[in-house]
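Thanks for coming. Please have the sequence and the model open while I talk.

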Amino acid sequence: MLLTSEQLGRFREDGFLVLPGLFGAEEVAALRAELPALFAEDTPANFREKRSGVVRTAMGLHLRNPVYARLVRHPRLVEPAMQMLADDRLYVQQAKVNAKEAFTGEVWQWHYDFATHHHEDGVPAPLALNLHVFLDDVGEFNGPLWFIRGSHRDGPAPTALDTATTSYPLWTVAEDVVARLVGLGGIVSAKGPAGTGLIFGDSLVHGSPPNMSPFPRRIFSLILNPVSNALTRHRRPDHQHHRDLTPVVPLGDDCLRSAMRAAG
Ligand code: SIN
Ligand code: MN
């Protein structure tokens with residue numbers, strides 16, 4: 001699947017791109033069906049909320065589950081990433097579901113992903129793409145991602161490590177910097193029904209508010225990075241930044257549906 005030049009232009013301008021209806025209802029149902037068992041596993045790859053102890057992020061999913069092993073090779077994710085980066089040698093840096101659960105899902109502070117990729121993992125340049133698939137309807141009330149439109153254009157903003165306020169250590173962007181960037185580009189919240197796709201770049205500033213609603217908000221997130229821009233430091237565990245730099249090869253467009261047929 002290839003993006004149009006209009007979509008590529010919008011991504012360059014805004015730093016993110018929404019792809020409505022990228023996955024169908026049956027495909028989303030198949031992905032969702034795997035989550036209870038994955039979230040029930042007692043593993044360091046499942047990060048929990050500070051207060052409630054429910055799963056906040058479940059990582060390393062393509063190594064833990066056959067359906068997610070197919071999803072990280074799905075052509076509707078991998079081919080646009082190859083096209084945007086003009087590079088067909090991309091490795092799976094991270095594959096996770098961020099589960100902002102009903103009532104208990106906590107905040108993600110303002111940050112951009114390259115700060116962590118660079119400081120923790122020694123990734124040289126902000127090239128990685130974060131490809132999302134909404135596994136629930138994401139609306140105003142269940143903690144959608146907020147983007148500062150165009151905040152990547154200035155180059156990566158200054159950051160500091162926050163280990164105190166959330167259960168996941170994050171290199172965050174200071175409030176005065178956020179205020180300046182919001183003054184330039186405004187805040188956009190990424191909403192849409194389950195199956196919506198979303199792509200954003202490594203230096204786009206984003207965050208998300210807590211989920212006070214009774215509606216869960218689970219989002220699949222795949223980070224693909226060029227092999228030529230791989231990590232140079234191995235401080236974090238494999239599930240946070242995978243060491244396997246084998247380039248992903250896209251499967252057929254029906255790879256999730258054929259997995260469902262095989263499962264009966
Ligand atoms: C992230 O920034 O990686 C997570 C944000 C979210 O899931 O709300
Ligand atoms: Mn992020």
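The chain has nine helices and 13 strands. Both are DSSP runs numbered from the N terminus: helices are H or I with at least four residues, strands are E with at least two. This is a predicted model, in which local features need pLDDT of at least 70 and side-chain atom pairs count only at pLDDT 80 or more, while totals for chains, interfaces and linings use all residues. Residues are numbered from 1 along each chain as its sequence is written, chains are lettered from A and ligands numbered from 1 in the order in which they are written, and side-chain values use heavy atoms, with hydrogens and water left out.

Next, overall dimensions. A compact globule of 264 residues would have a radius of gyration near 18 Å, and the 17 Å of this chain agrees with that. The radius is taken over C-alpha atoms, and the globule rule is 2.2 Å times the number of residues to the power 0.38. Along the principal axes, the C-alpha atoms fill a box of roughly 55 × 40 × 35 Å.

How much of the chain is buried? Buried residues make up 54% of the 264; buried means under 20% relative accessible area, exposed over 50%, and partly exposed in between, with a 1.4 Å probe and protein chains only. Contacts are heavy atoms within 4.5 Å. Of the contacts between residues at least 6 apart in sequence, 84% join residues at least 24 apart.

Now the interior. A nonpolar core is a set of buried Ala, Val, Leu, Ile, Met, Phe, Trp, Tyr and Cys residues joined through side-chain atoms within 4.5 Å. The largest one has 39 residues, and Y68, L77, F220, L222 and L224 touch the most other members. Leaving out residues up to four places away in sequence, L224 touches several residues, including V78, L90, Y91 and V248. A second, separate core of 16 residues includes F114, A115, V173 and V205.

On to the metal. Which residues are the protein donors of the manganese ion, ligand 2? They are H111 (NE2), D113 (OD) and H206 (NE2), lying 2.1 to 2.2 Å from the ion. Donors are N, O and S atoms within 2.8 Å of the metal (3.2 Å for Na, K and Ca); water is not among the atoms, so sites may look incomplete. H111 and H206 are both buried.

Last, helix α7, residues 113-121. Seven of its nine residues are buried, so the helix is largely enclosed by the rest of the structure. Among the buried ones are D113, F114 and H117. After α7 comes G122, with a positive phi near 65 degrees.
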